[in-house]
Amino acid sequence: MRVTKSHFKNMFNPGAIMPDTLAKIISTKTLNDLKVGDAGYIVDFFNESEAIKKMEAMGLRRGRNVSVLQKQGRGIILKVNNSRIVITSDVAGDIEIK
Amino acid sequence: MKKSIKVALAGNPNVGKTTLLNQAAKTKLKIGNWAGVTVEKKEGFLEYKGFNIHFIDLPGIYTLEPVSEDEWIAYHFIAKENPDIIVNVVETANAERDLLLTTELLEFEKPMVIALNMSDEAGKQGIVVDIKRMSKLLNIPVVKTNGRSGEGVNGLLDTILETFINEYKPKPPTYGSSIEQVLEKIKTQKFNNGINKYDLLKWLCDGYSVNGEVAELEQASKKKIKNIIHDERYAFAHVFHSKVFKQKSSFKRDLTDRIDRIILHPFLGFFIFLGVMFLLFKISFDFSTPLMNWIEGFINSFLSPLILLLLSKLGAGIWIQHFFSQAIIGGVGFVITFLPLVAMIFLLLALLEMSGYMPRTAFIMDRFMHKLGLHGKSMIPLLLGFGCNVPAVMATRSMENKRDKFLVMAMIPFMSCPARLVVFSFFAFLFFSHPAVVIFGLYLLGIVVGLLTALVLRKTVYRGELSHFVMELPPYRLPRIRTVLQITWVQVKSFLHKAGTVIFAASIVIWLLLNIPVHLNNQSDSAAAWIGKAITPILQPIGIHDWRISTSLIPAFLARETVLSSMGTIYSVETPQKGTEFHFMPALEKQVKGFGEATKNAFISLLTPEIQTLQLDEGDQNLRRVIRSSLPPASALSFMIFLLLYNSCLATVTVMAKEGGKKFALLFLAYSFAIAWGVAFIVYQAGSLI
């Protein structure tokens, strides 16, 4: 999940998003946080968009180890098992990593 | 009568389905090392041990939940068209990814064979497969294949027959117990056991239920039924993979990763891309020029006089001799001269496709394309467009988004194909002292007009956010020379076929029109001239005053090369034939020597770093001189621009209508005419002032 302006606005809005939830959101790492050469494993996806579904079918699934081979503009090349997959940073932002 | 077996080849993209089919059925279908080469179902037929095997090669899919058009085609065939046997092609090294589709295919409970392809690559990576166990667990035959070398292909064919005769049906995958219980209950109560697992799951996914079982399942797992099934399939594939596949050696950066470090480098990568494009043009020009010279000489100084000699010996009338030298040699022969250039371009594009570089350009160029509101992925159809616009338009099927598809389709016709290059190289060399610069400029102009078109469309018709993209990069593979030559040959054959049909027919029609009414003294009174003059008012503002050029433009709508053949025919009617002495043996000797020399020069040209100008030898240059004298350079340039930008190719218009609808194709045709005319007008008027 990406932190958006509305999260901060909601901080002062009782009953909306709680500070501990916010802290959790901020500490959550997404694929965008990995640098070239870094590796991590996929914890979860933040939505079920078609891009995410296609990516899953291509092998980027929960629990899978991924490493970042290259970044350029909005493109990221990931290595999963024996395949290389290009995704764009908007999709990468929906992938939680540890 | 022989029994026929309908076999569907299904698998993930770029796992080698078409290569396997080419090996098995000796077909010569187009292959490449990137996902999405096959975008429609292709067929191959084979007689094997008394059976007629009918192969259907489907576009690659990752899952039976289709998104793009090519994926729909594959899904539809498997789910609705009832093949006798499914051959599931699995890339051994990527089996875990591929097994999701396998899992879905198993649910159909249809006779099935698994082909573990590219087993050699997997072996090198230390991957070991327990084939016996795999086959036992799934209750279907599993065979190792290697599409590149053809290894295991006969074994696959035998297995297909065996599976067909014995009707080996797979054991459908077993999922979690709670879902299995529900499935079992509905299957017996509602469908009386008459439904396969895939359809049953689909029925559940569509929201049906007997006694609210779906709601119960969803509540228990806090997931939607679609996601429950989705996850169960992944889990099955994962567990199955871990049982059967073992990787011996530890992970290491392989050769592809090392090459990619340089080729996909944020800065170097872009310059390497430019370098590759430069080499593509340099090699195709420089290598083919000496050979083109040779063919021209061969046709004009050997073949033509030889046949004329034979014709006159046989007592053929003057009309037949004229027809031969003007329509056939002047028209068709003229176009054939450019064969080496066309072949070279196709050969080099095939190398790009087979090596795995093609999809990488999508990644390299996305940074720039993105700024223009385009997808990096659109690079692939655009690059293919330099080979031929028709398959390029077809390739847009793999775009996930309709809007992206239309945007790219509206750009492709501006990518100059070899048919246009043939015309450009003739005109540019005839009129300009730096033909390579002119041709390069024309290519660039096409790209710029394509980009501007996309930009305008993005701001008007196809607004909205640019979609993300997800695509796979294949490993680099050393292209097999035989395969590359085969792909090139298929294209060359189609060029020759065009020369023998469309171009030949157009030349005959033009020749006839030139000779109507008969016994003309002046060709400018002929029917052909009359037609050309009728459309001259439209072309006059762009500098085309001569009826001979405007007449040539009419058949060019069938295929652009016919501009040359028609002009060849028209001008050779006007050019008086020189009666020269012809002696067979010395002429033949000269040709053989000339060919050796041309080949040597072609290879030597590869050693120079810059593009050498397209200097054709001054040989039989009558035709060239006549054309040069009838057209000022500004007109020649505007003529080339017009031909570049106007979508004058029947095949492209037809395929655009098929992929994007008639309205789209016709609107585009009108647009391309307007833009071609407009740009040509500006260039001509500016050029005339200088």
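Author: We begin with a pair of helices in chain B: H28(B) passes H29(B) in a right-handed crossing. A crossing is left-handed if the near helix is turned anticlockwise from the far one by less than a right angle, and right-handed if clockwise. Helices (H or I, at least four residues) and strands (E, at least two) are DSSP runs, numbered from the N terminus. The model is predicted, so local features need pLDDT of at least 70 and side-chain atom pairs count only at pLDDT 80 or more, while totals for chains, interfaces and linings use all residues. Residues are numbered from 1 along each chain as its sequence is written, chains are lettered from A and ligands numbered from 1 in the order in which they are written, and side-chain values use heavy atoms, with hydrogens and water left out.

Reader: Which residues of H28(B) and H29(B) make the contact?

Author: Contact means heavy atoms within 4.5 Å. Val653(B), Met656(B), Ala657(B) and Gly660(B) of H28(B) meet Lys662(B), Phe664(B), Ala665(B), Phe668(B) and Leu669(B) of H29(B). By class, this contact has seven nonpolar, one polar and one charged residues. Here Ala, Val, Leu, Ile, Met, Phe, Trp, Tyr, Cys and Pro count as nonpolar, Asp, Glu, Lys and Arg as charged, and the others, Gly among them, as polar.

Reader: At what angle do H28(B) and H29(B) pack?

Author: Two packed helices are described by the angle between their axes and the distance between the axes. Axes are lines fitted to C-alpha atoms, for helices over the stretch in contact, and angles run from 0 to 180 degrees between N-to-C directions. For H28 (residues 650-660) and H29 (residues 662-689) of chain B, the angle is about 140° and the axes are 6 Å apart. H28(B) and H29(B) are therefore oblique to each other. Angles under 35 degrees count as roughly parallel, over 145 as roughly antiparallel, 65 to 115 as roughly perpendicular and the rest as oblique.

Reader: How do H3(B) and H10(B) cross?

Author: The axes of H3 (residues 95-106) and H10 (residues 225-244) of chain B come within 8 Å and cross at roughly 120°. H3(B) and H10(B) are therefore oblique, and H3(B) passes H10(B) in a right-handed crossing. Residues in this contact include Leu99(B) and Leu100(B) of H3(B), and Phe236(B) and Phe240(B) of H10(B). They divide into eight nonpolar, three polar and three charged.

Reader: How is the size of an interface expressed, and what area do chain A and chain B bury between them?

Author: The size of an interface is often given as the accessible area lost when the parts come together. Buried area is the accessible area (1.4 Å probe) that two parts lose on being put together, summed over both. Chain A and chain B bury about 3400 Å², 52% of it on carbon and sulfur atoms. In chain A, Gln72(A), Arg74(A) and Arg84(A) lose the most area to chain B, together 24% of what that side buries. The interface brings 33 residues of chain A into contact with 48 residues of chain B.

Reader: How many salt bridges are there between chain A and chain B?

Author: Side chains of opposite charge can pair when their charged atoms come close. A salt bridge is a side-chain nitrogen of Lys or Arg within 4 Å of a carboxyl oxygen of Asp or Glu. The count between chain A and chain B is six, and over all chains it comes to 32. One salt bridge links Lys79(A) with Asp257(B), with the closest N and O atoms 2.9 Å apart. Lys79(A) lies in strand E4 (residues 75-80) of chain A and Asp257(B) in helix H11 (residues 255-263) of chain B, so the pair joins two chains. Arg62(A) forms a salt bridge with Asp231(B), at 3.9 Å between the closest N and O atoms.
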